[in-house]
Amino acid sequence: MTRTKQSTASRDKIISAATHLFLNSHDAGKVSIEDIARKARVSPTTIYNNFGGRKALVQGVVKKIIDNNIAQAKNIMAGSLPFPDKIQLILSNKNDMAGKMPEEILKKLVYMDDDVAALIQEIYQKEIQPMWQKLIADGKAQGYVDPSISEETAFIYLKIMRDGFNANAALFEPSKDKINLMMGLSRIMMYGFFKNDACPIPTRQNIQAKTGQRSN
């Protein structure tokens, strides 16, 4: 194994150990470099040599979690599934780490280190937002997303849906007796509560006509 591969393997092992300890600790801030070293079966010096310190290690954990999520989402987007299926998979996508949502780990780390929030925001703007923008554009091009809906509106809606999935993760565990629930929720997510001919979406002009307001 080359020195570069050894270094990468060592970093991955340390990040994996740190992630496990942060996730399963009541107070992630109390997890020490020594604790992580024991879990990873390396010396504390190896951790310092690879990351320089605790702050860089925490940021490495955050970046690894988000990178995994982005890679999974991009794989789904590149697949041949219909657009609604891609949306459902991406919104409900979970990370394999201890079977828990990556957001649970990130929340602990944000609470532990203020710089983590800034790092997440930076990655969000550079990586995640463009990915969602492309997904929305693909949906419009394929005829699934109403072209009259602005990119900002669709983006906010998808974020709300993702937050909702994350807050209720237990509802979406694979289960035969929940298949109808999943199908119903997916339909509401994509099409809303109303039948197409039962409740036409109001336009700005219709609302102004009914309320007596004038256009600007």
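Analyst: Start with burial. A residue is buried under 20% relative accessible area, exposed over 50%, and partly exposed in between, using a 1.4 Å probe and protein chains only. Two ground rules follow. This is a predicted model, where local features need pLDDT of at least 70, side-chain atom pairs count only at pLDDT 80 or more, and totals for chains, interfaces and linings use all residues. Residues are numbered from 1 along each chain as its sequence is written, and side-chain values use heavy atoms, with hydrogens and water left out.

User: Let me try one. Is S25 buried or exposed?

Analyst: S25 is buried, because its relative accessible area is 16%. S25 belongs to the loop between α1 (3-24) and α2. Helices here are DSSP runs of H or I with at least four residues, strands are runs of E with at least two, and both are numbered from the N terminus.

User: What does the side chain of S25 reach?

Analyst: The general idea is a polar contact: a pair of N or O atoms within 3.5 Å. Within protein, one atom must be able to donate a hydrogen and the other to accept it, and residues adjacent in sequence count only if both atoms are side-chain atoms. Here the S25 side chain comes to 2.9 Å from the backbone oxygen of D27. Leaving out residues up to four places away in sequence, S25 touches V31 and K108.

User: How do I read a phi angle?

Analyst: Most residues other than glycine have a negative phi. R41 is not a glycine, yet its phi is positive, about 60°. R41 sits in the loop between α2 (33-40) and α3 (44-51). R41 counts as exposed, at 76% relative accessibility. A glycine also has a positive phi: G52, which follows α3, is near 85°.

User: Which residues of α3 are buried?

Analyst: I47, N50 and F51 are. They lie on the same side of α3, because they cover an arc of only 75° around the axis. That arc is taken from the directions from the helix axis to the C-beta atoms.

User: What about a nonpolar core?

Analyst: In soluble globular proteins, nonpolar side chains tend to be buried together. A core is a set of buried Ala, Val, Leu, Ile, Met, Phe, Trp, Tyr and Cys residues joined through side-chain atoms within 4.5 Å. The largest one here has 44 residues, and F22, I36, I47, L57 and W132 touch the most other members. Two or more residues each come from α1, α2, α3, α4, α5, α6 (102-112), α7 and α8. The most come from α4, which gives ten.

User: What does I36 touch?

Analyst: Not counting residues up to four places away in sequence, the contacts of I36 include I14, A17, F22, I47 and L57.

User: How are aromatic rings described?

Analyst: By the distance of the centres and the angle of the planes. Rings of Phe, Tyr and Trp (its six-membered ring) pair if their centres lie within 6.5 Å. Planes under 30 degrees apart count as stacked, over 60 as edge-to-face, and the rest as tilted. This rule gives one aromatic pair here. F83 and Y144 have ring centres 5.7 Å apart and planes at 20°, so they are stacked. F83 is in helix α5 (residues 83-91) and Y144 in the loop between α7 (114-141) and α8 (151-167), so the pair ties together parts 61 residues apart in sequence. F83 is buried at 4%, while Y144 is partly exposed at 44%.

User: How many salt bridges does the structure hold?

Analyst: Side chains of opposite charge can pair when their charged atoms come close. The cut-off is a side-chain nitrogen of Lys or Arg within 4 Å of a carboxyl oxygen of Asp or Glu. The structure holds six. One of them joins K64 and D12, at 3.7 Å from N to O. K64 is in helix α4 (residues 54-78) and D12 in helix α1, so this bridge ties together parts 52 residues apart in sequence.

User: Where do K63 and D67 lie?

Analyst: Both are in helix α4, four residues apart, so about one helical turn separates them. Another bridge joins D138 and K134, at 2.9 Å between the closest N and O atoms. D138 and K134 are four residues apart in helix α7. D138 is partly exposed at 24%, and K134 is partly exposed at 47%.

Note on methods:
Contact = heavy atoms within 4.5 Å.
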